[in-house]
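Me: I'd like to go through a structure with you and ask what stands behind each label. Could you set the values against the definitions as we go?

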Amino acid sequence: MPTGLFYTKYQDDEKIFHTLWVKIWMWALLIFLFVCFPFVAYPLSGFFGFSLQHMANMIGIFIIGAHGLNLLTGFTGQISLGHGAFMGVGAYTSAILFMKGGWPFWLSLPAAGLVTAGVGMIFGVPSLRLRGLYLAIATMAAQFIIGYAMRNWTSLTGGSAGLNVDRPSIFGFALDTDLRYYYLILILVIFSTLFLKNLLRTKTGRAMVAIRDRYLSAEIMGVNLFKYRLLAFGISSFYVGVSGGLFAHYNLVVSDEHFTMWLSIQYLAMVIIGGLGHVLGGIFGTIFMVLLPELLRIPTEILSNIYPNIFAIFGTLRELVFGLVIILFLIFEPDGLAARWHTIRAYWKLWPFSY
Amino acid sequence: MSPGLLHFTQLVVTGLVIGSVYSLVALGFVLIYKATSVINFAQGEFVLVGAYICLDIIVRFQIPFGWAFLLTMVFSVVLGLLVERLTLRPLIGEPVITVIMVTIGLATVLKSIVTLFWGTQIKVFPPIFPQDPLNFQGIVVSEVYLWTLGFALLFMTIFAVFFKYSRAGIAMRATAADQQASQSMGISVKRIFAISWCIAAVVSGVGGILIGNINGINITLADFGLKVFPAVILGGLDSIVGAIIGGLTIGILENLMGGYLDMYFGGGVKEVAPFVVLVVILMIKPYGLFGTVEIERV
């Protein structure tokens with residue numbers, strides 16, 4: 001294992017896997033996820049008291065969305081409070097095209113991404129003239145407007161009753177169980193992560209990072225702010241739209257209650273807790289945020305011996321803990337879990353001669 | 001008056017009253033933004049907490065409204081101080097996203113604490129102001145509406161005088177203009193930050209009590225705070241006059257749009273109309289009516 005940076009070429013610096021070991025571990029992880037996880041998931045579910053397979057699917061779905069928000073907020077520096085609603089746009093698009101339009105799933109899912117990208121770009125237009133503060137407010141307005149449309153455009157969305165969606169099949173392979181759906185999600189997660197990681201190594205990605213760091217300087221260097229900010233909005237919304245489409249067909253019902261402001265806040269919390277501007281951040285943050293409510297159940301069950309009605313307020317307690325976790329992370333660990341991960345790795349790299 | 005005109009005037013009057021409360025809350029919001037450059041997403045939760053505290057003091061401890069009102073203001077001051085000291089001060093100098101997110105986290109925490117204490121059922125204030133409708137040539141206005149309007153205007157005047165003449169007010173304006181310069185003139189910027197948060201919490205609490213008297217309170221009152229955004233964007237984020245005019249305008253606009261468009265969109269237009277207005281303003285006049293236009297040249 002190398003104990004420092006010994007790059008002699010730019011290509012070395014830009015590599016995704018800097019050492020052989022990282023590559024080996026990555027393959028080991030992938031093999032585990034593809035081959036071993038389904039076997040481990042079932043017995044462990046009994047131990048933890050919740051379905052690990054279901055959790056893994058939810059984490060996968062939200063990782064794709066979190067990657068999208070991370071690209072926008074973490075790498076381009078544009079804050080969005082509307083990603084919950086954008087996810088809803090994706091979910092409804094795929095559901096409507098699939099159920100009412102009779103489109104095949106392999107077409108309706110990308111279509112969900114494209115439609116969401118379009119909607120996202122419309123609300124992203126003010127970002128071209130405004131700084132982060134205003135954009136947060138503009139996207140918040142998007143959240144409310146889209147939410148209203150979902151509730152009241154009854155002929156299209158089914159109103160507050162929502163839409164029922166079937167499990168799809170791809171090229172004759174029915175994705176009817178959680179496990180089968182898991183493979184679809186896993187493949188898409190891998191693909192979206194790879195795309196994000198590679199995007200950041202291209203001209204486009206570098207331009208976005210330049211805009212985040214100091215947009216005036218970026219403009220002086222010849223970066224077209226209009227183009228790249230809008231592009232970031234588009235790609236980000238595409239991601240979250242695909243995530244919404246996956247969610248719709250997994251959850252089997254879409255209604256406006258899934259895609260409230262609260263979801264937008266959760267998305268932001270995911271990327272902030274995970275680490276803004278780290279590809280790993282979206283993954284860590286999502287795992288943390290999806291598992292947190294489940295982990296909260298354990299102390300709640302213990303406390304329920306003392307306070308019998310604690311389950312009635314469980315939802316509220318969960319929100320309280322979410323809020324506290326967000327605040328505490330921002331104050332004490334502003335760079336998120338991904339930065340902590342890098343610190344730990346750097347420590348072991350030089351162990352036992354850390355200094 | 002013709003029925004059409006009567007309907008219109010009725011909508012405008014109601015909108016004006018609600019708008020005056022928006023203005024009051026928006027005032028607190030702009031104050032924080034001006035002095036500390038923080039966008040406060042927890043403004044609505046301040047409204048919520050103020051309303052519940054006042055209600056609880058009146059109902060549980062049987063304290064008359066006047067004293068309850070004062071006690072609520074004292075409580076709001078403490079709340080503002082705590083929030084500033086515990087969550088915002090450690091983040092001075094952090095990026096905008098971090099600060100926005102911390103106020104969102106704060107909003108979540110305050111909201112869930114309120115839910116834990118008081119539940120989600122709608123609660124009604126004991127009638128404090130007379131509810132009898134007054135009739136001005138056909139326009140029916142409940143007396144409580146007039147009291148609300150009066151109170152809101154009173155508080156706005158108090159704060160206008162405070163900014164114009166008091167020592168602390170002038171220090172706050174100086175800090176808003178230039179932090180470093182005011183610091184070198186011996187103004188404690190930290191204290192100004194704390195005062196801003198206190199005032200914001202107090203005006204929001206007052207707004208909560210006023211609006212609670214009209215509609216009763218439950219947890220959705222927090223969304224009221226989000227309506228402040230259209231108001232301040234219309235007026236300009238850093239303009240106090242803008243906040244007041246913006247608040248009134250948004251109140252009237254949402255009532256008119258709700259009154260005339262509800263039948264076409266299946267209800268609830270009132271809830272979304274301000275945000276449509278917001279997006280339109282951002283597209284055509286992003287710095288609002290009175291906001292400072294930021295000029296950047298490359």
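**Labels and their cut-offs**

Reply: Let's start with a pair: B:Lys227 and B:Glu271 form a salt bridge, their closest N and O atoms being 3.9 Å apart. Bear in mind that this is a predicted model, where local features need pLDDT of at least 70, side-chain atom pairs count only at pLDDT 80 or more, and totals for chains, interfaces and linings use all residues. Residues are numbered from 1 along each chain as its sequence is written, chains are lettered from A and ligands numbered from 1 in the order in which they are written, and side-chain values use heavy atoms, with hydrogens and water left out.

Me: What makes B:Lys227 and B:Glu271 a salt bridge?

Reply: The term asks for a side-chain nitrogen of Lys or Arg within 4 Å of a carboxyl oxygen of Asp or Glu. With 3.9 Å between the closest N and O atoms, B:Lys227 and B:Glu271 meet that.

Me: Which parts of chain B does the pair tie together?

Reply: B:Lys227 sits in the loop between helix H9 (221–226) and helix H10 (228–235) of chain B, and B:Glu271 in helix H12 (residues 269–284) of chain B, so parts 44 residues apart in sequence are tied together. The helices, like the strands, are DSSP runs numbered from the N terminus (H or I, at least four residues, for a helix; E, at least two, for a strand). B:Glu254 joins B:Lys227 and B:Glu271 in a network of salt bridges.

Me: How do you know whether B:Lys227 is buried or exposed?

Reply: Buried is under 20% relative accessible area, exposed is over 50%, and partly exposed is in between (1.4 Å probe, protein chains only). B:Lys227 comes out at 8%, so it counts as buried. B:Glu271 has 47%, so that one is partly exposed.

Me: How many of them cross from chain A to chain B?

Reply: Zero, by the rule, across that interface. The count of residue pairs in polar contact between chain A and chain B is one, with both residues at pLDDT 80 or more. (That term needs a pair of N or O atoms within 3.5 Å; within protein, one must be able to donate a hydrogen and the other to accept it, and residues adjacent in sequence count only if both atoms are side-chain atoms.)

Me: What makes up the side of chain A that touches chain B?

Reply: By class, 35 nonpolar, five polar and four charged residues. Here Ala, Val, Leu, Ile, Met, Phe, Trp, Tyr, Cys and Pro count as nonpolar, Asp, Glu, Lys and Arg as charged, and the others, Gly among them, as polar.

Me: What makes H8(B) largely enclosed?

Reply: 24 of its 27 residues are buried, so the rest of the structure largely encloses H8(B). From first C-alpha to last H8(B) reaches 39 Å, close to the 39 Å expected at 1.5 Å a residue; the expected span is 1.5 Å times one less than the number of residues.

Me: Why is A:Ser237 called buried?

Reply: Because its relative accessibility is 0%. A:Ser237 lies in helix H11 of chain A, and its contacts (heavy atoms within 4.5 Å) include A:Phe86 and A:Gly113, leaving aside neighbours within four places in sequence. A:Thr139, in helix H6 of chain A, is likewise buried because its relative accessible area is 0%.

Me: And what makes A:Phe332 exposed?

Reply: A:Phe332 has 64% relative accessibility, so it counts as exposed. This residue lies in helix H14 of chain A.
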